[in-house]
Amino acid sequence: MLPYVLLLLFLVVSGFLLCERNPSRRKDAIYLGIASLGLILFAAFRGETVGIDYPMYQTYFEQMHREGWQFLTGPQNEYRMEFGFSFLNFAISRFTGDVHVFMAVAATILVLLAAIAIYRDCSIPWVGMFIFVSFHFFGNSMSFIRQSFAIGIFLFAIRYLKEKRFVPYLLIVLLAATFHKSILLLIPFYFLAQVPICWKTLAVYGTGTILIMAFFWPIFEFITQFVYQFYATEEGLYFLRGRDWQTAFIPVSLAVVALLLKGHLLRQNPQNGALVHLAVCTGLLFILTCQHYIFQRIGNIFFAGAIFLLPELLKGIRIEPAADEDLEQRRFQMRSERKQQMRERRKRKSVENWHRQYYYYSLGVTLFFGTLYYIWFLLQNRINLIPYVTFF
């Protein structure tokens, strides 16, 4: 587990030292470039035993290399409906049959998707990258490769969800669906996310959750008649088992925090309502995960909103020091005006100091619980990330 701990420690220390003092877009870009390089190398050099789905994707890639176009377009291609993923395998397999090359290319794309989206849309990019790693999106990308591609692409759609721009949102979701069909659930979610969060909205969410819990098996049997038949097999029954409450603790806590601070988020930016919707859906889906693990696979998609939500909350606390007045202007002010101005300045400095202290306290809480969640996830080792070994 030590390599994973050192990786997260590197991200936190470098992010804090580089980006917290006199923050700038240039520093954000430098940090994300360094962090991305580290994450890419970490994922690209992993051995075949790191990631529970690695052998499955290795077999798929090697078959694509052997059979080429015939396999890509034939009925034996189980991912032919997710043609983005199929074509990526096909394109790389035309140059090499070495699965390590495929994994390196996949890792590069996955990390860069997250880094670019974080740079473009995240309020505090280094915290967004911390969330990306500590909330297991990076770890999942070394196993759940198809869904990780879909989530990475969906990150770019969150801006358009907030801006209520359906066409670009739809196009990005459809592109993401070429890697994992489950992302199509985010099309109807767009319309739900336009509804203001209030007690009526929460009542609808709660009622829907209770109905799903009560009628899960009839719904499951109906859906698996048409899609996802694998989950109805004996092997797929693993996904129908429940998870422990610790699995849901952080996602549910995030939903509670988002609801408690909803007013603050909306005053800061009315578009943040979409992030609150994502957090609420995440919390409810992880509650359902305690009944059936399959809901976690869906919940992870909505959970991606945390990459933007937590930095947005922290941004609302942090305020930048106001610039001092022009010295020439102050020279010609009346003495009484200067005294009044000094009082106002001391008051402003006091407010800034309070915000700074509150910001660092909140940042510390975020880093603490994120690290705790990260270590707990690694210790569970549900997707075989431990031990970390290289292929050479």
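User: Is methionine 1 buried, partly exposed or exposed?

Analyst: The model is a predicted one, in which local features need pLDDT of at least 70, side-chain atom pairs count only at pLDDT 80 or more, and totals for chains, interfaces and linings use all residues. Residues are numbered from 1 along each chain as its sequence is written, and side-chain values use heavy atoms, with hydrogens and water left out. Methionine 1 lies in the segment before H1; buried means under 20% relative accessible area, exposed over 50%, and partly exposed in between, with a 1.4 Å probe and protein chains only. Because its relative accessibility is 32%, methionine 1 is partly exposed.

User: Which element gives the most residues to the nonpolar patch?

Analyst: The patch covers about 930 Å² and includes Met1, Phe16, Tyr360 and Leu379. Two or more residues come from each of helix H1 (2–19) and helix H21 (335–380), where helices (H or I, at least four residues) and strands (E, at least two) are DSSP runs numbered from the N terminus. The largest contribution, 7 residues, is that of H1.

User: What is the separation of the C-alpha atoms of tyrosine 238 and phenylalanine 16?

Analyst: Tyrosine 238 is in the loop between helix H14 (216–223) and helix H15 (245–260), and its relative accessible area of 31% makes it partly exposed. Along the chain, tyrosine 238 and phenylalanine 16 are 222 residues apart, and their C-alpha atoms are separated by 41 Å.

User: Are H7 and H19 roughly parallel or oblique to each other?

Analyst: Axes are lines fitted to C-alpha atoms, for helices over the stretch in contact, with angles from 0 to 180 degrees between N-to-C directions. The axes of helix H7 (residues 125–134) and helix H19 (residues 306–317) are 8 Å apart, at an angle of about 140°. Angles under 35 degrees count as roughly parallel, over 145 as roughly antiparallel, 65 to 115 as roughly perpendicular and the rest as oblique. H7 and H19 are therefore oblique.

User: Is the crossing of H6 and H9 left-handed or right-handed?

Analyst: Helix H6 (residues 99–121) and helix H9 (residues 145–154) have axes that come within 9 Å and cross at roughly 30°, so H6 is roughly parallel to H9. A crossing is left-handed if the near helix is turned anticlockwise from the far one by less than a right angle, and right-handed if clockwise. The crossing of H6 and H9 is left-handed.

User: Is histidine 136 buried or exposed?

Analyst: Most residues other than glycine have a negative phi. Histidine 136, in the loop between H7 and helix H8 (137–141), has a positive phi of about 80°. Its relative accessibility is 4%, so histidine 136 is buried.

User: How many of the 10 residues of helix H18 are buried?

Analyst: Among the buried residues of H18 are Ile294, Arg297, Asn300 and Phe303. Helix H18 (residues 294–303) is largely enclosed by the rest of the structure, because the number of its residues that are buried is 9.

Definitions and conventions: Patches are made of residues with over 30% relative accessible area and no salt bridge: like charges are joined within 9 Å, nonpolar side chains (Val, Leu, Ile, Met, Phe, Trp, Tyr) within 5 Å. Accessible areas come from the Shrake-Rupley method with a 1.4 Å probe; for residues, only the protein chains shown count as cover. A salt bridge is a side-chain nitrogen of Lys or Arg within 4 Å of a carboxyl oxygen of Asp or Glu.
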